[in-house]
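Here is a short briefing on one chain, grouped by topic. Have the sequence and coordinates open while reading.

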Amino acid sequence: MTADLIAVVLLLAVTAYACAGGTDYGAGFWDLTAGGTERGRRPRWLVDHAMAPVWEVNNVWLIFALVIMWTGFPVLFQTVFSAMWLPLALAVVGMVLRGAGFALRKPTRRLAGRRLYGAVFAVASVVTPFFLGAAVGGIASERVAPGTDASADVWTSPTSVVFGLVAVATTAFLGAVFLTGDARRFDAADLVGYFRRRALWSLAALTVLAVVTGFVTHEDSPHVWHGLTHGLGLFFVVLAGASALVTAWLLLRTPGAWVRVTAVAVVASAVIGWGMAQRPYLLPTSLTVADAAGAPSTLTWLAIVTLVALVLVVPAVVLLYWLDTHGELEELTDPELRKGSGTAGDGAAPGS
């Protein structure tokens, strides 16, 4: 029972990272496709302002998932990272380069430097979700099992390729939806329509890829296909489809705050549906939740620590997002900084 509970927590952590981290990767996707220096100036300005306050915090969910994975299911962790070390290593390199590129491009004074760091950030934002999706596809297609040797065949199957493409399309969709809201928040009327169109197109691409994924999994991942067309897996697939329709309807109208909720529901439902489709396996059809679980005492303490972590972390993250969406985390402008410095100097003079 404890193992099943920890498995659900692991799935929810992966879902949180897919939604929160996916939004940031999507912003990088639109940064990459914004065009040249002049044409892409406004979209990139919005990407910088939208991501700057909170983008680092989204990796909390990835770290949380990894800790649960190697503590609660050590056999799963060893198997996955042994069999697919190359795509996972490439994803990690992408995360590092992406963060460095985003952090360094803004303070760099030379145009060539800004272009270089911007390109690193944008390309890594596409490469990273693709390799993460390819790794998930390797698991779903039953090519990973205890004792599997590392090879390209494990993560280059049709399922891996299509899962990688779905991951990229998902991030593009989430990024465009959230940037549409950010454009409204920053009173950038021209960018509202710009990103709303891209949100609709990326949702259409994601829908096509979802259909292709159905055909591919039917042939290449029979266990997952059966799970997606029966029981809880089917329920979440239908929920994802309904959320997609509502999101499209909201985007065709004047998009408000609810479009973000429905967009997240699309992605969250799809990820949870995949998890439900694999039951009772963590690695279809070779490693069940019970077989992969660590010692009972370890799982009990992990459940306690997880509860404490969620009580501490979730309210803080919710507050951070609330402050960001209400404009409470805006950077001070140069005139404001100079004004603050002058005020401090004036206040210090009489007492000197």
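A salt bridge here is a side-chain nitrogen of Lys or Arg within 4 Å of a carboxyl oxygen of Asp or Glu. By that criterion aspartate 182 pairs with arginine 185, their closest N and O atoms being 2.7 Å apart. The model is predicted. The structure holds eight salt bridges.

**Salt bridge within a helix**

- Aspartate 182 and arginine 185 are three residues apart in helix α8, so about one helical turn separates them.
- Aspartate 182 is buried, because its relative accessibility is 7% and the limit for buried is under 20%.
- Arginine 185 comes out at 22% relative accessibility and therefore counts as partly exposed.

- The side chains of aspartate 31 and arginine 105 form a salt bridge, with an N to O distance of 2.7 Å.
- This pair links distant parts of the chain: aspartate 31 belongs to helix α1 and arginine 105 to helix α5, 74 residues apart.
- Aspartate 31 counts as buried at 2% relative accessibility.
- Arginine 105 also counts as buried, at 7%.
- Another salt bridge joins the side chains of arginine 42 and aspartate 190, at 2.8 Å, N to O.
- Here the link runs from arginine 42 in helix α2 to aspartate 190 in helix α9, and the two are 148 residues apart.
- Arginine 42 is partly exposed, with a relative accessible area of 28%.
- Aspartate 190 is partly exposed as well, with 45%.
- A network of salt bridges links Asp31, Arg44, Asp48 and Arg105.

**Packing of α2 and α5**

- How do helix α2 (residues 41-51) and helix α5 (residues 85-105) cross? Their axes come within 12 Å and cross at roughly 105°.
- The two helices are therefore roughly perpendicular to each other, because angles of 65 to 115 degrees fall in that class.
- From α2, the contact uses Arg44, Val47, Asp48 and Met51. From α5, it uses Arg98, Phe102 and Arg105.
- By type, the contact residues are three nonpolar, four charged and no polar.
- Arg44, Asp48 and Arg105 of this contact are also in the salt-bridge network with Asp31.

**Nonpolar cores**

- In soluble globular proteins, nonpolar side chains tend to be buried together.
- The largest nonpolar core has 50 residues. Leu46, Phe173, Val177, Leu179, Leu191 and Phe195 touch the most other members.
- Elements giving two or more residues to this core are α1 (2-32), α2, α6 (111-140), α8 (158-185), α9 (189-220), α10 (222-228), α11 (231-252) and α12 (258-278).
- Helix α8 supplies the largest share, 11 residues.
- Which residues does valine 177 contact, leaving aside its neighbours within four places in sequence? They are Ala199, Val259, Arg260 and Ala263.

**Glycine 175**

- Glycine 175 sits in helix α8.
- Is glycine 175 buried or exposed? Glycine 175 is buried, with a relative accessible area of 1%.
- Glycine 175 and threonine 23 are 152 residues apart in sequence, yet their C-alpha atoms are 4.5 Å apart in space.
- Beyond its neighbours within four places in sequence, glycine 175 is in contact with Thr23, Gly26, Ala27 and Trp30.

**Backbone points to check**

- The peptide bond joining arginine 279 and proline 280 is cis, with omega about -5°.
- Proline 280 falls in the loop between α12 and β1 (281-283).
- A cis peptide bond also runs from proline 284 to threonine 285, where omega is near -15°.
- Threonine 285 is placed in the loop between β1 and β2 (287-288).
- Glutamate 142 has phi near 65°, a positive value in a residue other than glycine.
- The loop between α6 and α7 (152-155) holds glutamate 142.
- Glutamate 142 counts as partly exposed, at 29% relative accessibility.

Technical notes. Residues numbered from 1 in each chain as written. Predicted model: local features only at pLDDT ≥ 70, side-chain atom pairs only at ≥ 80, totals over all residues. Heavy atoms only, no water. Axes fitted to C-alpha atoms, helices over the stretch in contact; angles between N-to-C directions. Helix = DSSP H or I, 4+ residues; strand = E, 2+ residues; numbered from the N terminus. Parallel < 35°, antiparallel > 145°, perpendicular 65-115°, else oblique. Contact = heavy atoms within 4.5 Å. Nonpolar A, V, L, I, M, F, W, Y, C, P; charged D, E, K, R; others polar. Core = buried A, V, L, I, M, F, W, Y, C linked by side-chain atoms within 4.5 Å. Buried < 20%, exposed > 50% of the residue type's maximum accessible area, 1.4 Å probe, protein only.
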